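The sequence and the structure are shown first.

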Amino acid sequence: MRIRIVDAFTDRPFAGNPAGVLLLDAFPDDTWLQSVAVEVNHAETAFAHPLPEGGEADWALRWFTPGTEVDLCGHATLATAHVLHSTEMTRGPVRFATRSGVLVATPHDDGSLTLDFPTAPLTEEPAPAGLAKALGAQPLSVHDTGRSVGDLLVELSDEKTVRALAPDLKALVGLSERGIIATARAEDPSRGYDFVSRCFFPGVGVDEDPVTGSAHTALAPFWAHRVGRTDLTGLQASARSGLVRVGLRGERTLLTGSAVTVIEGTLHA
């Protein structure tokens, strides 16, 4: 079967967030899916198969990190939609049946895609014991992001602090279900982004995720409230870096970005 590595939330190779993408006839057993994700060894590997016509969705979609299956993944959804459109297996919006409900990816003339995702519910709570020490920075506020995302969103003082983080990854494990989203307002919005973030998920086998679409379903409502606009751009300031354009639409958040296929080959296992 064909296997592809796609860089998502970028318009150039070797940037953004790489994801494995496999299009199947049906889902094999979970052990095989997890083994492939370990072999690919990127933050996520997406597995999809077509569904019968006439239903609420066109494709079934699942996501695996090297350590576990997850409920929601933005960049691997974007990567899967990119493969379907770039190979002309589908035209127009594509609907994915997932653990987080039906997610729609809509293509645009410039090659970018917009994902329609559920907005993460934010609940402010006290910082858990050990968080500031593990991050190496003092939080301004901490928000739980709900079950589907499963992170703590941690607001820090400024962009420089977010960029300089060198957390104790072992100490972060157990502070939330999935991991930590560290964020701050952009130092200079004229550079083309409104806020910055970095995401650390050592508990699911991803020390630092390069660009995290699902995290932006929490970052969108968080920053829309503070900036006073519902359409924003986030820069995930990882080593690979990537931009996510977000649009807050009440209980839904739109995530827009581009993707590039960098490797295509044959899986023999």
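## Helix α1 and its surroundings

Helix α1 is followed by N41, whose phi is positive, near 60°; helices here are DSSP runs of H or I with at least four residues, strands are runs of E with at least two, and both are numbered from the N terminus. The model is a predicted one, in which local features need pLDDT of at least 70 and side-chain atom pairs count only at pLDDT 80 or more, while totals for chains, interfaces and linings use all residues. Residues are numbered from 1 along each chain as its sequence is written, and side-chain values use heavy atoms, with hydrogens and water left out.

At the start of α1, a side-chain oxygen of D29 comes to within 3.0 Å of the backbone nitrogen of T31. The helix spans residues 30-40, and its buried residues are W32, L33, Q34, V36, A37 and V40, where buried means under 20% relative accessible area with a 1.4 Å probe, counting protein chains only. Among the elements that cover these buried residues are β1 (2-8), β2 (17-23), β3 (44-50), β4 (59-64) and β5 (69-70).

## H82 in helix α2

Helix α2 covers residues 74-86 and includes H82, which counts as buried because its relative accessibility is 14%. The side chains of H82 and T261 are joined by a polar contact of 3.1 Å, a polar contact being a pair of N or O atoms within 3.5 Å, of which, within protein, one must be able to donate a hydrogen and the other to accept it, and residues adjacent in sequence count only if both atoms are side-chain atoms. Leaving aside residues up to four places away in sequence, H82 touches V6, L113, A259, V260 and T261, with contact taken as heavy atoms within 4.5 Å.

## Nonpolar cores

The largest nonpolar core holds 51 residues, of which L23, W59, W63, L78, V94, F96 and L219 touch the most other members; such a core is a set of buried Ala, Val, Leu, Ile, Met, Phe, Trp, Tyr and Cys residues joined through side-chain atoms within 4.5 Å. Apart from this core lies another, of 20 residues, including L131, L152, V154 and F200.

Beyond residues up to four places away in sequence, F96 touches A57, W59, L61, T77, T80, A81, L84, G101, V102, L103 and A105.

Key:
Buried means under 20% relative accessible area, exposed over 50%, partly exposed in between (1.4 Å probe, protein chains only).
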